[in-house]
Amino acid sequence: MKLITHNMLTSKCLKGVVTGYPLAISATNIKVTEVDFNPDFIVRIIPKIDWEVFWKAADSIGHSDGLPQTVESKLHDNNDFLKKVHRVLLEVEIDEGHLTCPESGRQFPITKGIPNMLLTEAENKFAMLLKSANDLYHEVFAPMPRQI
Amino acid sequence: MSRRYLLWFAQEYLDFRLAEMQSILSMLKIEIKYVEKSYNKPYWIVELPSESCIKKIASRSVLIKSCIELWSSANTEERLHENLKSAMKNDSGKWIVESVTGESNDNHICHSSLLTVCSDPSKSFKIEVETFCKHFSMKEKVEKIELFSYLPLEGPVKLNNPDMKFSYIEFYGVDPNNVPKQPEQLFFGRWIVDGQRDLIQALSLKKRNFIGNTSMDAQLSILMANQAQVTMGDIVLDPFVGSGSLLVAAAHFGGYVWGSDIDFMMLHARTRPTRVGQKVRQKEESIKANMKQYGIESHYLDVLVSDFSLPLWRNDLKFDAIITDPPYGVREPTEKIGIEKENYTLAEDYLPNHVPSKVEYGLSHIYSDLLNFAATHLHIGRRLVCWYPLVRSEFEASQLPSHPCLRLLASSEQVLSRLVSRRLLTFEKISDAVPDVPLDPNAAHHNFRRAKKAEEIAINNIRRAQKVSNLK
Ligand SMILES: C[S@@+](CC[C@H](N)C(=O)[O-])C[C@H]1O[C@@H](n2cnc3c(N)ncnc32)[C@H](O)[C@@H]1O
């Protein structure tokens, strides 16, 4: 899970939780993977980012170095700044760990980089039922892949 | 002065052609004039402001095979050559369009300037012959080419990589069982550019690292990205992401993609392998690995395990596009579900009286949910593109899912069997005014029942077909 995703996620799925934001991050394994830098995209995404949440999240996993605590629009022309944002937003990934709901303390595991926001065991089992739905789907609507 | 082009289409997904073209045109802000636009024939004749417009369109369209600067068309071979000869003398700077049959403008004669710019002796060329619905030998084709020797093409003939390519097309109708002796319509012009048919191969499921049994084929995924007008830097979501096939096309066109799905096993590629002959999943199978395979890893944001019927994202998060293929039902009673013995208890939970409310919500209200979600989380003017299954005989446009903040732009039908089809719905968000409308439980229910019926019929058909083939 990248920090851009963390910045958008809530635990409002939990009953009684009102904002469920921001989720606290506990990371046991962090990966940094280099990906292409697209300054236009970074400029476009910055207004969508809750910067304070972003900075604190980066700080909590030890990646806030060089990241300003507040963002000003004049920084949009500063390539070093955009590169830094790119790195922390898109290249740093929580590979293993969990997210914690700020209101209920409920934890959501992150395995192999994928957060699991499902609620209960029962609903996890429901996911298994879907396998059969998917098989059905495959028969009716997408018979092609099986011949591949 | 606008230019006239012949657009040649792949002869499939006819119901998607206009929708794709309109999406691409409005995305690129290009004005078009349709000179001839039939539903069944594989070609249109259009006018566009410039050659760069047609190139931009072709850089997106997956249904266009090729684009040709039209020099002449006619409904007989003699007439085509006459028209071309008249074109050489047509200094009016305008097109001459005549109707021979009186039914349509089937004779097109271009102005001479299109030809004269091609007469440069330093420019090599070749002429290609294509015949639609009829086959000719190489020798016959060469004979046809030789008939064009009067054209003022001064450069050398070069078969590989010529500076200019010309297309001569004979169209013998669309019914392979009833091919006329003489072509119905003939065209000649300068080839400009091909559409994105090659992308279908490049993104083919056959060579993709990770696929699931719900993966959408490349062509339809590309169509969806076009319907959704995904361009560089867009933020795209598929809330029923499965194996991520729709995101591949979206990321190809520059989208940054998020996906979510309730199926943990799918997102972790721990489901049974889909490919014939593959026993275990490879270690590196995942949506992310697919993105890497296509060199678009930088456009992968994340996938999450989550139930779409529950809120996940920040309220104020807005996407540029939502493209998805929602689930449309679960097999109901145990045998139909096909769950193994040890899962019986699960299946019983599922029987109508015991359905946990959330599960019910998740399935029967999926389209209301999806539309509400799009109304809240799309930028104004941006699009939701999703599939919708139907029993064909029951289709009524007025029964399609609707929402006051969303305008239905297209509903293209893909026929799956005599009885069942699915439609690709394209909605544009037109208003922020009503962020959330209460569900109309009846409407949703109705949709759900329809979908169920579609599926039952489809399955019965498939079963029957299988029985028949087993007997043989
Ligand atoms: C038709 S498939 C989509 C397949 C996908 N386009 C692909 O490339 O594989 C529908 C998906 O919806 C998922 N699904 C079903 N119910 C869901 C729910 N309540 N929330 C989220 N996903 C759900 C299923 O697990 C399945 O993967």
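Predicted model: local features only at pLDDT ≥ 70, side-chain atom pairs only at ≥ 80, totals over all residues.

Residues are numbered from 1 along each chain as its sequence is written, chains are lettered from A and ligands numbered from 1 in the order in which they are written, and side-chain values use heavy atoms, with hydrogens and water left out.

**Stop 1: a glutamate in a strand**

Select Glu413(B), which sits in strand β15 (residues 406–415) of chain B. Is Glu413(B) buried or exposed? Its relative accessible area is 18%, so Glu413(B) is buried (buried means under 20% relative accessible area, exposed over 50%, partly exposed in between, with a 1.4 Å probe and protein chains only). Now show side chains: those of Glu413(B) and Arg392(B) make a polar contact at 2.9 Å. A polar contact is a pair of N or O atoms within 3.5 Å; within protein, one must be able to donate a hydrogen and the other to accept it, and residues adjacent in sequence count only if both atoms are side-chain atoms. Not counting residues up to four places away in sequence, Glu413(B) also touches others, including Asp15(B), Phe16(B) and Ser421(B) (contact means heavy atoms within 4.5 Å).

**Stop 2: a tyrosine in a loop**

Stay in chain B and jump to Tyr172(B), in the loop between β8 (164–171) and β9 (185–194). With a relative accessible area of 2%, Tyr172(B) is buried. Which residues are in contact with Tyr172(B), leaving aside neighbours within four places in sequence? Among them are Thr131(B), Phe132(B), Cys133(B), Lys144(B), Val179(B) and Pro180(B). Then look at Glu170(B), whose side chain is joined to that of Tyr172(B) by a polar contact of 2.8 Å.

**Stop 3: two helices crossing in chain B**

Colour α7 (residues 218–227) and α8 (residues 245–252) of chain B. These helices pack at an angle of about 55°, with their axes 8 Å apart. That makes α7(B) oblique to α8(B). Axes here are lines fitted to C-alpha atoms, for helices over the stretch in contact, and angles run from 0 to 180 degrees between N-to-C directions. Angles under 35 degrees count as roughly parallel, over 145 as roughly antiparallel, 65 to 115 as roughly perpendicular and the rest as oblique. The crossing of α7(B) and α8(B) is right-handed; a crossing is left-handed if the near helix is turned anticlockwise from the far one by less than a right angle, and right-handed if clockwise. Ser221(B), Ile222(B), Met224(B) and Ala225(B) of α7(B) meet Ser245(B), Leu246(B), Ala249(B) and Ala250(B) of α8(B).

**Stop 4: a buried alanine**

Next up is Ala269(B), in the loop between α9 (264–267) and α10 (287–293) of chain B. Phi of Ala269(B) is near 50°, a positive value in a residue other than glycine. Most residues other than glycine have a negative phi, and most peptide bonds are trans. Ala269(B) counts as buried, at 7% relative accessibility.

**Stop 5: over to chain A**

Chain A has five helices and four strands, which run α-β-α-α-α-β-β-β-α from the N terminus on. Buried residues make up 53% of its 148 residues.

Pick α3 (residues 51–60) and α4 (residues 79–91) of chain A, which pack at an angle of about 70° with their axes 11 Å apart. That makes α3(A) roughly perpendicular to α4(A), and their crossing is left-handed. At the contact, Trp51(A), Phe54(A) and Ala58(A) in α3(A) meet Phe81(A), Val85(A), Val88(A) and Leu89(A) in α4(A).

**Last stops: two loops**

Find Pro22(A), in the loop between α1 (3–6) and β1 (24–32) of chain A. A cis peptide bond joins Tyr21(A) to Pro22(A), with omega about -10°.

Finish at Lys112(A), in the loop between β3 (107–111) and β4 (114–115) of chain A. Phi of Lys112(A) is near 45°, a positive value in a residue other than glycine, and Lys112(A) is exposed, with a relative accessible area of 61%.
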